[in-house]
Amino acid sequence: ECYYYKNVSRYKVGILLHLAGIFPASFIAVLQFTPFIRQRWILLHRIGGYMAITLYIISLAGVLMIARHALGGSLDVQAWVGFVGFGVLGCFGLAWYNIKKLQIEQHRAWMLRGWFYVRA
């Protein structure tokens, strides 16, 4: 994998996109679940949520660029990357839908599921 990440510009850009997107998104996600921020600074919580999801989408683009060679690049790995990546995007979409309908508990549940699946 190191060969592709160092010598092929497509994979170099992909890994940089992935890392530059997922590290700040994960940090923001941890802060999003802090009750103090969620309850007292609602606008900051909202902006942080949009930032975390946008950074996740950037990270997903990077992952899809490197999936061909990541972890050996076998077909099952590529399928898993796509399945989990778009599954998490679906969780975030349902969370966004639920918050627009003011179903806060469902929103929180879908966001927790999504970030748990990111970790998997």
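How many helices and strands does the protein have? Colour the model by secondary structure: there are six helices and zero strands, where helices are DSSP runs of H or I with at least four residues and strands are runs of E with at least two, numbered from the N terminus. Along the sequence the pattern reads α-α-α-α-α-α.

The model is predicted, so local features need pLDDT of at least 70 and side-chain atom pairs pLDDT 80 or more, while totals for chains, interfaces and linings use all residues. Numbering starts from 1 along each chain as its sequence is written, and side-chain values use heavy atoms, without hydrogens and water.

Next, select residues 9-32 (helix 2) and residues 42-66 (helix 4). Their axes, lines fitted to C-alpha atoms over the stretch in contact, lie 7 Å apart at an angle of about 155 degrees, on a scale from 0 to 180 degrees between N-to-C directions. Helix 2 and helix 4 are therefore roughly antiparallel, the class for angles over 145 degrees. The residues of this contact comprise 18 nonpolar, nine polar and one charged. Here Ala, Val, Leu, Ile, Met, Phe, Trp, Tyr, Cys and Pro count as nonpolar, Asp, Glu, Lys and Arg as charged, and the others, Gly among them, as polar.

Now select the whole protein. Its C-alpha atoms fill a box of roughly 50 × 25 × 20 Å along the principal axes. Of its 120 residues, 33% are buried, meaning under 20% relative accessible area with a 1.4 Å probe, protein chains only. Among contacts (heavy atoms within 4.5 Å) with a separation of 6 or more, 62% join residues 24 or more positions apart.

Terms used: Parallel < 35°, antiparallel > 145°, perpendicular 65-115°, else oblique. Buried < 20%, exposed > 50% of the residue type's maximum accessible area, 1.4 Å probe, protein only.
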